[in-house]
Amino acid sequence: MLRLDAITVCYGKVPALREVSLEVHAGELVTLIGANGAGKTTTLKAISGLLSLASGSIEFEGVPIANTRPRDVLARGIAHCPEGRRVFPELTVRENLAMGAYLRRDQAGIADDLERIFAKLPRLKERIGQIAGTLSGGEQQMLAIARSLMSRPRLMLFDEPSLGLAPNLVERVFEIIAEIRREGTTVLMVEQNALAALEMCDRAYLLETGQMVLAGAGRDLLENPHMRRAYLGG
Amino acid sequence: MDQILQHALNGVVLGGTYALLGIGLTLIFGIMRVVNFTHGELYAFGAYLAYLFVALLHLDFFLSIALAALAGFALGALIELVLLRPLRSNDIDTVMLVMIGAWIALQNGEQFVWGGVAKLVPSPFAQEPLVIGPVSVAPLRLFVLGATLVLLVGFYWLIDRTRLGMAMRATFQDRDTAALMGIDVRGIYTLTFALGSALAAIAGALLGPIFLVNPTMGNLVGLKAFAIVILGGLGNITGATIGGFVLALVEEFGAGYLSSEYRDAFGFLVIIAVLALRPQGFFARKARVG
């Protein structure tokens with residue numbers, strides 16, 4: 001479904017990613033793990049068009065999408081739920097959700113999706129008129145996820161969805177992501193919480209200082225000695 | 001008492017156009033992070049176009065003001081596309097220098113085309129002031145007040161109620177995330193600059209018949225627009241609206257009760273006081289939660 005082929009991304013002259021390749025098949029939940037600054041967020045931003053490539057290529061369903069604008073990537077069916085939630089703090093919950101459906105014109109479909117999301121996350125419905133900046137961290141993360149779903153994506157990119165959340169909320173967020181995947185949306189997730197990510201994913205990639213160093217099934221990586229030593233605390 | 005009402009009315013008439021100027025500038029700064037030194041020149045541009053259309057081409061007065069606004073929109077879009085878009089990834093200093101250059105070029109262009117002699121825009125309104133109870137007001141000024149109020153309401157409707165306005169607010173709050181939602185951020189930038197420029201041009205076209213039109217008229221107005229933006233808090237539209245009225249009222253009362261010689265100085269004294277006491281502006285937003 002998604003294929004990154006030897007992509008290099010630079011900030012100024014400094015390469016942040018060097019020849020990174022990665023593949024996500026339809027229906028999979030793939031996770032990308034690595035330390036701070038390894039290039040995980042950069043990878044997602046390159047896919048969604050926020051950053052352009054120095055070299056390499058990105059294909060989505062056989063169509064090259066590298067170096068196109070974010071709105072074109074979104075229109076093809078990839079939604080990017082950014083790190084740190086990034087809800088629009090001074091828009092209401094309703095307006096944030098409307099922004100998620102910005103490119104859509106099918107009012108009836110949007111209303112249906114809104115109902116479905118409210119069934120899943122009733123808390124958001126209670127807060128529909130509230131300014132998003134006044135929500136709690138957990139509620140903001142739910143809103144960010146819901147907002148991305150409003151574009152009806154076929155591939156969802158999640159960047160550190162558990163970041164800065166209380167443990168019970170972390171669990172809830174991972175449940176929601178698993179549910180999204182069960183309902184047929186393919187997921188590529190960046191996570192620092194390596195253990196949780198490896199346990200829930202089909203396959204995983206490990207990035208270190210801008211290079212891909214390991215790839216494999218989640219349960220295999222759980223057993224990998226390098227992985228255990230550096231990321232799983234044992 | 002009558003005098004107070006009279007000054008208040010004059011201040012409100014002037015304040016409406018100040019608010020239009022301030023909103024245009026604060027919108028551009030807030031959404032694009034561009035310090036727009038050409039703002040005062042767009043005001044002069046609007047005034048000169050009003051002169052061209054009304055005095056030289058003998059077009060209808062109201063149509064002329066609308067055409068001046070459209071031309072301001074077009075010139076703003078052109079400046080954004082030609083000067084600002086290619087500089088998008090440059091630092092703010094570079095952009096500021098280019099905008100200062102554009103300001104000087106526009107002003108000298110006006111002087112070159114129109115010469116240094118001030119022009120008068122004729123208006124179709126009677127010179128006789130209308131006397132309403134204790135106050136009197138020229139019909140032209142009443143029209144200016146009405147037009148600015150309609151524009152202010154229309155502008156708030158655009159920002160608050162339309163899909164486009166929501167996209168502008170989202171871009172203002174978080175540019176990258178707005179792009180991820182499918183908003184054409186570059187298009188929003190062009191539109192923002194064009195819209196802000198149109199507001200400046202229409203303010204010039206409205207005030208053209210009240211004041212004389214001359215090539216350097218944009219300087220003082222540009223400075224005042226910055227003052228209004230600072231007063232209201234950078235990027236704050238409601239703040240700029242209130243700031244516009246506050247500045248005009250301060251000028252009007254200062255000129256009326258203290259000294260008309262120092263009319264333009266009173267506004268700047270207020271700005272100095274604001275910068276010393278409350279540099280974030282009077283209507284700065286609270287720190288964001290989350």
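**Entry 1: the S9–S10 hairpin, chain A**

I began at the hairpin of S9(A) and S10(A), where two residues lie between the strands and Thr209(A) takes a positive phi near 35°. This is a predicted model, in which local features need pLDDT of at least 70 and side-chain atom pairs count only at pLDDT 80 or more, while totals for chains, interfaces and linings use all residues. Residues are numbered from 1 along each chain as its sequence is written, chains are lettered from A and ligands numbered from 1 in the order in which they are written, and side-chain values use heavy atoms, with hydrogens and water left out.

I noted that helices (H or I, at least four residues) and strands (E, at least two) are DSSP runs, numbered from the N terminus. Two strands pair if DSSP finds at least two bridges between them. Strand S9 (residues 203-208) and strand S10 (residues 211-217) of chain A run antiparallel, joined by six bridges. I found Arg203(A) bridged to Ala217(A), and Ala204(A) to Gly216(A).

I then looked up the other partner: strand S3 (residues 29-34) of chain A pairs with S9(A) in the parallel sense over five bridges. There, Leu32(A) stands opposite Tyr205(A). Is S9(A) enclosed or open? Five of its six residues are buried, so S9(A) is largely enclosed by the rest of the structure. Buried means under 20% relative accessible area, exposed over 50%, and partly exposed in between (1.4 Å probe, protein chains only).

**Entry 2: the four-stranded sheet, chain A**

I traced an open sheet with antiparallel pairing and the order S2-S1-S4-S5 in chain A. Strand S2 (14-24) and strand S5 (63-64) are at its edges with a single partner strand each, so one side of each has no neighbour in the sheet. Two bridges join strand S4 (residues 55-60) to S5(A), and Glu59(A) faces Pro64(A) in S5(A).

Helix H1 (residues 40-48) of chain A lies across strand S1 (2-11), S2 and S4, at about 110° to S1(A). For that angle, axes are lines fitted to C-alpha atoms (for helices over the stretch in contact), and angles run from 0 to 180 degrees between N-to-C directions.

**Entry 3: Gln141(A)**

I looked up Gln141(A) in helix H6 (residues 137-149) of chain A. Gln141(A) is buried, at 2% relative accessibility. Leaving aside residues up to four places away in sequence, Gln141(A) touches Cys81(A), Arg85(A), Pro161(A), Leu165(A) and Val173(A); contact means heavy atoms within 4.5 Å.

**Entry 4: rings**

I counted rings of Phe, Tyr and Trp (its six-membered ring) as paired if their centres lie within 6.5 Å, with planes under 30 degrees apart stacked, over 60 edge-to-face and the rest tilted. The search finds 11 aromatic pairs over all chains. Phe61(B) and Phe62(B) have ring centres 5.5 Å apart and planes at 85°, so they are edge-to-face. Phe61(B) is buried at 6%, whereas Phe62(B) is partly exposed at 40%.

**Entry 5: helix H5, chain B**

I checked helix H5 (residues 139-161) of chain B: its 23 residues reach 32 Å from first C-alpha to last, close to the expected 33 Å. The expected span is 1.5 Å times one less than the number of residues. Its buried residues include Leu140(B), Val144(B) and Phe155(B).
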